[in-house]
Amino acid sequence: MATEKSDFATRVVRWQAQHGRNNLPWQNTRDPYRVWLSEIMLQQTQVVTVKSYFKRFLERCPDVASLAAASQDEVLGLWSGLGYYSRARNLHRCAQQVMECHGGVFPRDAATLATLPGIGPSTAAAIASLCFSERVAILDANVKRVVARVCGFDGDVSVAANTRVLWELATALLPARDRALKEMARYTQGMMDLGAMVCTPKDPKCSQCPVQQDCVACKSADPQRFPVRSRRVKRSSASVWLLWAKSPCGAVWLTKRPASGIWAGLHCLPVFDSEADLRQSLPPDLVDRVQCEAAFVHVLTHKDLHLHPCRIEASSELQFGLGRWVAAEDWIGLGLPAPVRKLLER
Ligand code: SF4
């Protein structure tokens, strides 16, 4: 690199103060509960979506004690629509562990934070640096991209050993020890903002970037070449059939999913592997009343899920296996898989 690494950090810090994001609802606080909650919500979810969920979540669970005391159903209900529900289950378990093992106080260092459910090394570093100014590097997908480009790191980042090298490079770029207390929070936010706003996966805005002069990828004229990721996870697809039973007064029949597997622990329409299985589950006089609607695709991280809704109007006297009739005003607050919620909202 052309300049000292302390200059790199200083430029990130200055840029963040002037151009970064400084008024998000989870900023301007050093409360680890709020920072942790936002970090978990922001994994896989856009800022604009997280804003309303964050507010609603805090109204019901303003601190770690209230979250730990809430039921899992309630937590899943608050999360409903955000998807990737393992985050909500871990969030709940983590709150309980903070209460039981840490006296209701979040640990202050990244190493201890990373022992809690759902907190990986990068999230732990984000909480420790944003709240307690610990001098530790984060390495989420955005920051991985910035570091790989700045350092011109051309190792395959899908290989674990190379990710370790990237952590070392990220650590070497941190503010100097004597400035960490003052600069770490803003530096961490600055790296996140750079990755989200300037050093984007496609068409990075190098001319607006505060670290352009250090950046190997920029000088190579093809910054998008970094980070190198040769091993792509293969996409797969699966199909499921959903029994959408509705009573004359608008209630739907919902069942609770098993504790593991797809949509674990959520409330859901009954799920079948085939239309034949679905029809077979019904009393004989109802089989001909099933109306199969057009299938639609729900895109998961590594899988396309083809959903086949099969509607049936049925008396609320009837039962469809394990489950219960749930009135429209009640299922809205339940933890439902995102595509099922969309379907019911039609
Ligand atoms: Fe990314 Fe361009 Fe900045 Fe390099 S100069 S870090 S490629 S935006």
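Q: How much volume does the largest pocket have?
A: In this predicted model, the largest pocket has a volume of about 1,600 Å³. A pocket here is an open set of points on a 1 Å grid over the protein atoms alone, where a 1.4 Å probe fits, with protein on both sides within 12 Å along at least five of seven lines, and its volume is the space filled by probe spheres set on those points.

Q: Which residues lie nearest its centre?
A: L42, D140, A141, N142 and M192 do, out of 48 residues that line the largest pocket, where lining means having an atom within 4 Å of a point.

Q: And which element gives the largest share of that lining?
A: That is α11, with 8 residues, and it spans 177–198. Also giving two or more residues to the lining are α1 (5–19), α2 (32–42), α8 (121–132) and α9 (141–151); helices are DSSP runs of H or I with at least four residues, and strands are runs of E with at least two.

Q: How do the lining residues of the largest pocket divide by class?
A: They divide into 18 nonpolar, 18 polar and 12 charged, with Gly counted as polar.

Q: Switching over, what about the second largest pocket?
A: The second largest pocket has a volume of about 400 Å³, and of the 20 residues that line it, L82, G83, Y84, H298 and L300 are the closest to its centre. Two or more lining residues come from each of α6 (86–102), β6 (296–299) and α15 (338–345), and the lining of this pocket divides into 12 nonpolar, 7 polar and 1 charged.

Q: Which residues count in these totals?
A: Totals for linings use all residues, whereas local features need pLDDT of at least 70 and side-chain atom pairs count only at pLDDT 80 or more. Residues are numbered from 1 along each chain as its sequence is written, and side-chain values use heavy atoms, leaving out hydrogens and water.
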